[in-house]
Every structure is written in C-alpha cells, then in structure tokens.
Amino acid sequence: MTPRRIIFAVMIMALCMGALPLSAQDDGVSMTMWVRNIGDQVQELVDAWNDRGGSQIQLTVIPPNEFVTKMGAAIAAGESPDIASIDLIYAPAFAAAGQLLDITDWVDALPYADDLLPAHSELGTYEGRKYAVPFLIEGSFIIYNKGLFEAAGLDPETPPTTWDEMLEAARAITAIDDETYGYYFAGACAGCNAFTYLPFIWASGGDVLSDDYNAATIASDPIVREALEYYRTMWEEGLIPESASIDDGSSFVSAFGTGTIGMAGTGAFGINTYRNDHPDLELGAFHIPGKEGGASSFGGGDVIAIGSGTQHPQEAWAFLEWMMSDETQLEHYAARNRTTVRVSMLENEYSQDDPLVLTAASALAVGKSPYSLVYNDLFNDPNGPWLEMIQIAILDGDIEGALQLGQDRFTQIIEG
Amino acid sequence: MTFGLGSLSWEQRRKLTGLLFVLPTVLFVTVFFIIPLAMTVFMSFHDWPLIGEQSWIGTTNYTELANDRQFLKSLDFTFRYTLFVTPPIFILGFILASLVRHQIRFIGIYRTIFFLPVVIGLGVSSLIWVWMLDQRVGIFNKMLLDLDLIAKPQLFLAKPATAMNVIILSVVWKTVGFTMILLLAGLQSIPDELYESADVDGAGYFRKLFYITLPLMRRTIALALILSVIGSVLAFDQFYIITRGGPRNSTISIVYWIFNNSFTYWKMGYGSAMSIVLLGILVALSSIQYYVLRERV
C-alpha cells in the first residue's frame, strides 16, 4: 500500500468513526437554544435534560449586552433558535414582532398555570395571548458584608431600612480605611442600574414612567431628583470607589467579592457566585429601601419562549414543561439556591434555613417590572437616556441638566 | 480551439476578451457594492424594523436626521476625531517610512515590527488596549506608577478628553504601519539621481524634502490621506469595544450611531438613510482631497 493510500484509508476510517455518535444522536431531535450569559444555571439544566435521552438541546450563550441585537439579526436572517431564554422585559417586543410561538393553549392546560410567577407571566403575555413562561427569576436586593459592618461598629444583624440609614452605614464603613468603601454601583452599566437603582425610586413612591408606561415622569416626580441627589451624595463623599464610574457591568458582581465593599445591589445570581468564589465573606441581605422606609425590587430575569420558526414545537414545549415541573423546580432550582418559577414553591425545604435565598425570593413580593416595547432603548442601551442621565447627575453633579435630558430623551423615544 | 467564435472578427474577439477579463470584477462589484447600495437606498425610504413589517414613508427618515441631536453630535465627534487622528498617523508614517527607506542591516525586521499591528484585527487590538488601559492590571498604569509620573492608577476612560486621546493613541499604533508602507513605496519610486543632483547643488535636507520628495509623492500622499480619512470617518470597532460610546456618550462615532439605530433600536430604514448621507459626505471629502492633491502639470 502506498503512503497516499494509507492516508486515504485513515481518513475514511476517521470519517466513519466520527459519524458514529452522529448516527446515534439522530435518534432524537436536536434543537438550538439561546441564553444570555448569566451564570451556569442554564447549562446545568440543559445538561440534565440532555442526559435524559430523547431530544437534545444545543445551548448557545450570548453576551448579555448583545443578546437583543444578535437575536434580532438572527430572526431577520431566518436563523432564530428553537428555544430562547429572553430577558423578560424584551419579551413583549419579540412577541409583538410575531417571532414567538403562541403557547396559550399549552400553558393554560398546565395544572399549575396559575401558580407561575405573575410578573414574569405578564411580560410573557402580549394582547391576551401567552408567548413565554418564567424561567430565570431575579429580584434585586442589597447584599452586605457583615464583617465590614462589624468592623465599622454597626450591628451586622440590623441592616439599614431607609436611605439615611444606608448612607450612615456607608459612611461608617468607608471610614474603616482607605481601601474600603461603603457602597458600590456599576456607573457605566445601564441594565445594572435599572435592576438595582430604579427600586430606590419605586420604594419611595416615585417612578420615571407613568402608570401606563406611556409618558416620562422624570422631571415632574420629585422622588427621581431626590434619588439622584442621594447617589450623588455617596459619590461626592467618596463612599463609592472611583473605578465604579467606568464599570460597564464587568465588575458588577466581582467588585463586592473583593471584600472591600460594604453594600451593593445584586440579584439571586450573586448568592451562589459569592458563596462559591468568596467563601470567607460573611453575607447578609436586605431589600432595597425607600427614602423613609418600605422596599422594592426589580422583578428581573428571563422568560423562556419557543421561536415561531421552529420545526420542533412539541419537543421544545416538552422541555419547557419539564423545566416547570415539581421535580425540576425542587432539584434543579431550589436545591441550588435558585428562585423557583412557581409561587407555591418559593419557600421550600431548601430555602427555609437560608436568609439570603429567602430575601431573594421575598424581594419578588415587592418586585416590579416595567412593561414597555421600548424598554431596551430607554433603560438597557449603554448609550441610552437612563445611563446618560445617571452619569451626568451622579458623576458630574449636574442634576438639573440630567433631569431635563432624561425627560426629553425618554419622551422622544416613547413617542417614537 | 475556436470555442465557436470563428465567425467573430478580430476586433469583436478583442472586445469579448476584454469583457471576459473585467467580468469577475464587474460581478464582484455588482454583488457586493451596487446591489447592497441600491438595497440601502430602497430601505432608507421605508420604516424598516429589523424584525416585523416594512412600510413606505418617503423621505421621512432623511428629514428626521436634521432633528436627531445625537446624529449631529456624532458627525461633529467623527470629524473632530478624523482631524486629530489623521496628522499623527501621516507624520509618524512619513518619519517611519524615511527611517526604513534605505537598505541597511536588519531593515526587513524593522519594517516587519512597524507593520505588525496592521495585521491584527481592529477588534482584537481594541481588546488588547482595553486590557492595557485597565486601572488594576493594565501595563500603562503600571509603567506610569513605576516611573513616579502618577500617584495612583488613572481611569483613562472616565473622562471624554482622555478617552479620546487613548483611542487616538491606539489607532495610531494600529494603522501607522500601513501608511508607512504606502509612503515607503512612494519614496522608493523617486530616482536617486534627483537627490544626487540636489546634493551637487548644495541643497539641504528640508530643501530636498519640499522641492523633491513631497512634490513627487503627491499621488502617494493623496492615496494615504484619502485612505486614512475614510478609515477615520468609518471608525467603529475601537469605540464599540474600548469606550462603548462613553463616557456620557461623548465617543459615539457616526458609524456607531448607525449601528445602534439599525441593530439596537431595530430601525434599519433610519440607519440606511444615515448610511446614504455618510456615503455622500465621504464622496465629497475624498473629491476635495483628490482635487487639492491632484497632479499639477
């Protein structure tokens, strides 16, 4: 046999061997699923589904800031995924554009249809029809470092309940040494501030949008100004590290993990991250307070939907149904310190002894999620009015200019 | 072998041969420029969301441009950026070309080193700069701290002026090698006899530069400047990756704004209208440059 023939024979054998697993996989349907990159929870879930045999899911993880852009472009190119885990506030826009499969009949037939988390279910509904169900549940809250509270002479078991109490705590923690700061926010991250800053306004009875979400109330609502002044005070007094001004979200979670930050906004995703990566930190959590008390939270996370162009709607729905089932919710959500998609299961055998998980779950009770077809343009766009307003007010100190700019640009976007 | 063309005259065959030679280029330009351009013009007269139904709206997209505060701000920023970035690229490119012009030992290595950043993709080089500018692990802060030039790590991207400066620095580093190669070709095309004659006449360096080198490099300079200006007006990657348009939306270039409208706000029709206006601006700018730097007989 000549060397050329040997190479040819080896290539044929390699091709045959490579084809074997493919033939085996062909027994089940293969589906594509997209998710934005918010931790490893979805990969674990998909692995568990694939291990059961039958239809398989190929997971593609998209950077969070680029999800809407890539999803829109993929839909326009006719290459949308079979299943998509979508930031819940974008669900109405995708449903309105006819890109999600109407799953109303399937959802209504579920014995626990009324038990699905209402805020997420509402955002999965468009003009009375259901297009998505709750998938990843995130209610924002404040996480705090009990060790730093103690070092600052504060009671670590009595977290702040008002803006002033938070401010005093931040001052005391910052006074510990030059490397320690009372508070942290990602100053160049639009979405992070919708998630953790808007609730300060809501908890005080204010809002940046009218009740029907069709008008901006930035200039007319005095609470918005006070909330900007509140953060500005913390920034001016140096209670927040200077590096926060350029954090586009990449240090949103990790900054608190350094152990030099007293308090920071976060979501349920933070609990496992901090516990796994920084086991030495002693953690506490409290709801985002209003000016004089009260609490609020941004009901965030993802809903999951089936693409209207899928060739495998039955198989895709089977995955969604399995995901919402009692067993999956208990073993793959609750057991891993994640908030369940079912109201009746929020408190479960795993969460009862865990104050952080309980705070994350109870945050949803005071949670709110704006329903707007232009949410991305208003709040999440890194070049949008929400972030520009925050930066001009808090970092530059021009609160008057920021309010006017926010009001004008919000109005312009809402009116199209 | 006649291919059935035996009945054609020599003149007809010559024309057909010429046509066949240019056909690949014509096809390439048609598929990748003429058709997309026609499509962009067509889209610019529509309300054309990225997903969903399109509708004809006439010239509305164009009239809206005049009231788009960010569009005007981005145009202003892009022109300022072009104005600031072009001279250093050209002057440094010229100096480097002059340095590597003569055949000295290891000249190939020097030329390669200067040209190396050009072969890196702009996206990759931008990511490298993000890392180098970082206040915790970046090499710039480390060097400046070690040299006692700064007291604490600097946030280079926190202020509009410094953000613009570091972007200019990164782009000069990335593109100067290309300008150097262009100008080197121009320099090497000038006959040595001219310089020898000038030497005999007692001309100094600057006299030779202004009376021999620059006039004879007019075409090359025009090409280098036109390419540099077009590249700067179309700048996107470095702003998208290094500054993300910040701080306070102060570094949103015009192509960045077109991208945002088309893919973030899903307004493809509006983005198309802006693209057509930008194309017109580029044609005008290039024409002016070409006219100013044309060969004078």
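This is a predicted model: local features need pLDDT of at least 70, side-chain atom pairs count only at pLDDT 80 or more; totals for chains, interfaces and linings use all residues.
Between chain B and chain A there are ten residue pairs in polar contact, both partners at pLDDT 80 or more, where a polar contact is a pair of N or O atoms within 3.5 Å, one of which, within protein, must be able to donate a hydrogen and the other to accept it, residues adjacent in sequence counting only if both atoms are side-chain atoms. The elements of chain B that give two or more residues to the side touching chain A are helix H3 (69–99) and helix H12 (254–264), and H12(B) supplies the largest share of that side, five residues. Helices here are DSSP runs of H or I with at least four residues, strands are runs of E with at least two, and both are numbered from the N terminus. By class, the side of chain B that touches chain A has 13 nonpolar, six polar and six charged residues, with Ala, Val, Leu, Ile, Met, Phe, Trp, Tyr, Cys and Pro counted as nonpolar, Asp, Glu, Lys and Arg as charged, and the others, Gly among them, as polar.

Residues are numbered from 1 along each chain as its sequence is written, chains are lettered from A and ligands numbered from 1 in the order in which they are written, and side-chain values use heavy atoms, with hydrogens and water left out.

To stay with the two chains, 25 residues of chain B are in contact with 32 residues of chain A, contact meaning heavy atoms within 4.5 Å. Chain B and chain A bury about 2300 Å² between them, 51% of it on carbon and sulfur atoms; buried area is the accessible area (1.4 Å probe) that two parts lose on being put together, summed over both. On the chain B side, B:Ile51, B:Arg244 and B:Arg248 lose the most area to chain A, together 30% of what that side buries.

Three salt bridges are counted between chain B and chain A, a salt bridge being a side-chain nitrogen of Lys or Arg within 4 Å of a carboxyl oxygen of Asp or Glu. B:Lys73 forms a salt bridge with A:Glu388, and the closest N and O atoms of the pair are 4.0 Å apart.

Turning to chain A, we find it divided into domain 1 (30–139 + 300–367) and domain 2 (141–297 + 372–414), with bounds that come from an automatic or database domain assignment. Taken over C-alpha atoms, the centres of these two domains of chain A are separated by 27 Å, and the contact takes 25 residues from domain 1 and 24 residues from domain 2. Together the two domains bury about 1900 Å², 60% of it on carbon and sulfur atoms, and in domain 1 the residues that lose the most area to domain 2 are A:Glu138, A:Leu356 and A:Val366, together 30% of what that side buries.

Which residues form a salt bridge with closest N and O atoms 2.7 Å apart? They are A:Asp354 and A:Arg275, and across the interface of domain 1 and domain 2 of chain A the rule finds one salt bridge. Eleven residue pairs are in polar contact between these domains, both at pLDDT 80 or more, and H16(A) gives the most to the domain 1 side, with six residues.
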